[in-house]
Amino acid sequence: MRVIVFSLSGCPARWLGAYGNEWVATPHLDRLASQSVVFDRHISDCPHPDAARVAWLTGQHQFCGPTLEFTPQLLMKLRAAGVRTVLVRANHADTDGPSPFYAGWDEVFDTRPDPADRSPLDCLLREFPGVQDRLKAVPRWLLWVETDRLIPPWNVPQDVFEVYLQDVNDEEEDASEARPTDDDEDDEDDEDEITDDQDETEEAAPEEVEVPVLREPEERVEPFADPPTGPFDGADPDAWEWLRTSFAAVVTTFDAELGRLEAMLQSHGLTESAALLLTSDFGYPLGEHGQIGLHRPWLHEELVHLPLMLRLPSDEQAGRRVPALTQPADLAATLLDLFGFVSREGDGQSLLPLARGQAEKLRDAACTSLELDGIHELAIRTHEWALLVPISAGIADPPRQARLFQKPDDYWEVNDLRTHHAEIAEELEARVRAIAAKRIPEAP
């Protein structure tokens with residue numbers, strides 16, 4: 001068995017076509033999804049890059065936050081079984097994880113972004129064929145590629161950005177033209193007064209067509225390449241569109257680069273013989289609830305809902321959608337299972353029974369915890385509900401009440417139903433607090 005893992009730091013699930021996005025072009029990711037098993041409800045236990053890395057290699061949930069010192073059990077077990085493990089770092093050094101994450105690999109290749117390149121992934125694209133050549137004669141291996149391509153500051157191609165910007169402008173013009181005017185209303189009244197005996201052969205007067213005046217833009221709009229972490233005014237439509245069109249251009253550009261990597265895999269015959277897993281460590285908030293980046297631990301969907309696609313060899317089970325709740329700790333058991341080993345340690349469980357239709361669920365609920373700058377929040381998600389529970393607030397922040405959202409209808413979590421379903425909220429809060437109490441040590 002040969003397995004390739006792509007870790008896309010900061011990738012929110014909802015920005016991909018496989019998870020419902022209809023306006024961002026990701027043809028290569030869409031094709032990968034069609035060839036894969038797509039896990040629809042992959043929920044972070046601690047949406048922080050370090051915590052995800054620990055969960056992946058240990059199979060342990062990270063409710064207590066990222067453990068900076070840990071033993072990479074997954075790598076140790078694979079090495080003992082003769083499986084070669086190779087990590088390719090295609091990220092900037094400032095987004096590296098804790099040192100134990102890199103200590104257990106047989107080989108670590110650096111294909112760091114080069115400022116002289118057009119794209120942060122150019123170095124990876126140059127070196128990737130050589131990495132594959134080194135593994136050609138190895139019968140069993142795990143190749144893990146991590147990239148921070150989707151984390152600001154972004155490399156945003158101007159031409160791709162302008163395409164999305166034009167699409168937004170076209171939508172605004174269409175909406176403006178579709179908006180009724182006073183004259184339109186008068187015309188409708190006049191039409192109502194037309195009698196039945198009107199001469200049907202009389203031709204109607206031609207409608208006036210307003211010809212738009214084409215003019216050059218006063219100045220070129222640059223992408224919002226480095227949005228600051230912190231509060232964001234979502235009520236400002238210009239800022240909102242500037243932010244989302246910039247990120248859309250980044251996602252589309254990354255998709256094209258991923259397509260080039262996939263072509264390299266195909267040239268080595270790995271698209272049929274190797275398993276491929278694609279996931280993320282956390283979703284980068286882009287103003288959905290008034291913040292950009294990891295500013296406050298508000299555990300909304302955009303932060304905790306992660307993509308997870310598993311393409312099995314020969315496209316086994318291609319097209320299957322798995323609605324079960326899964327979490328990052330499940331990856332360790334899944335990778336061991338792919339190599340033929342059964343794991344009975346840790347919190348995670350293998351996803352292969354779900355992927356092959358042999359099981360319907362692994363857990364009844366997915367719990368999440370995150371603390372940032374002294375502010376702490378818990379969350380619990382079931383198939384019907386999501387409850388967010390603030391544990392502590394910051395000095396400069398107003399108290400944030402617990403919030404209850406109905407799933408899956410309220411995807412963006414805008415309608416708080418806690419007061420309408422107080423009993424459900426109380427039950428879920430007691431449940432998540434009890435789980436957290438077993439894992440998160442109380443402050444002295």
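Author: A residue is called buried when its relative accessible area is under 20%, and exposed when that area is over 50%. The model discussed here is predicted.

Reader: How many helices and strands does the secondary structure of the chain come to?

Author: The chain has 444 residues, of which 51% count as buried. Among contacts with a separation of 6 or more, 71% join residues 24 or more positions apart. The secondary structure of this chain amounts to 13 helices and 15 strands.

Reader: Which residues of helix α3 are buried?

Author: Helix α3 spans residues 73-80. Its buried positions are L74, L75 and L78.

Reader: Why do these residues lie on the same side of α3, and what arc do they cover around the axis?

Author: An α-helix has 3.6 residues a turn, so residues three or four places apart point the same way. The buried set in α3 consists of L74, L75 and L78. These residues are placed on the same side of α3 because the arc they cover around the axis is only 95°.

Reader: How many of the residues of α2 are buried?

Author: The buried residues of α2 run from P49, D50, A51, A52 and R53 to V54, A55, W56, L57 and T58. Elements that cover them include β1 (2-8), α3, α4, β5, β7 and α11. Helix α2 is therefore largely enclosed by the rest of the structure, the buried count being 10 of the 10 residues.

Reader: Is D50 buried or exposed, and what is its relative accessible area?

Author: D50 is located in helix α2. Leaving out residues up to four places away in sequence, D50 touches P66, L68, D96, G97 and P98. The cut-off for a buried residue is under 20%, and D50 is buried because its relative accessible area is 16%.

Reader: How far apart in space are L243 and F224?

Author: L243 belongs to helix α8 and is buried, with a relative accessible area of 1%. Beyond its neighbours within four places in sequence, L243 is in contact with W154, F224, P227, F232, L286, G287 and I292. L243 and F224 are 19 residues apart in sequence, while their C-alpha to C-alpha separation is 5.9 Å.

Reader: Which residues line the largest cavity?

Author: One cavity of 30 Å³ or more is present in the structure, and the largest cavity holds about 60 Å³ of space. At least two lining residues come from each of α1 (27-35), α8 (237-267) and β7 (275-279). By class, the lining has five nonpolar, one polar and one charged residues. The residues themselves are F6, H28, L32, L258, E262, L276 and L278.

Reader: How many disulfides does the structure hold?

Author: C11 counts as buried, at 2% relative accessibility. C46 counts as buried as well, at 2% relative accessibility. The number of disulfides in the structure is zero.

Reader: Which residue does a cis peptide bond join to P408?

Author: Most residues other than glycine have a negative phi, and most peptide bonds are trans. A cis bond, with omega about 0°, links P152 and P153, and P153 sits in the loop between β5 and α6 (158-178). P408 lies in the loop between β15 (403-406) and α13 (422-439). A further cis bond, again with omega about 0°, joins P408 to K407.

Reader: Is D373 buried or exposed, and what is its relative accessible area?

Author: S314, in the loop between β10 (308-311) and β11 (321-326), has a positive phi near 60° and is exposed at 52% relative accessible area. D373, in the loop between β12 (366-372) and β13 (375-381), also has a positive phi, of about 55°, although it is not a glycine. The cut-off for an exposed residue is over 50%, and D373 is exposed because its relative accessible area is 72%.

Notes: Residues numbered from 1 in each chain as written. Predicted model: local features only at pLDDT ≥ 70, side-chain atom pairs only at ≥ 80, totals over all residues. Heavy atoms only, no water. Buried < 20%, exposed > 50% of the residue type's maximum accessible area, 1.4 Å probe, protein only. Helix = DSSP H or I, 4+ residues; strand = E, 2+ residues; numbered from the N terminus. Arc of directions from axis to C-beta. 1 Å grid on protein atoms, 1.4 Å probe; cavity = no way out; pocket = protein on both sides within 12 Å on 5 of 7 lines; lining within 4 Å. Points joined across faces, edges and corners; volume = space filled by probe spheres on them. Nonpolar A, V, L, I, M, F, W, Y, C, P; charged D, E, K, R; others polar. Disulfide = S-S within 2.5 Å. Contact = heavy atoms within 4.5 Å.
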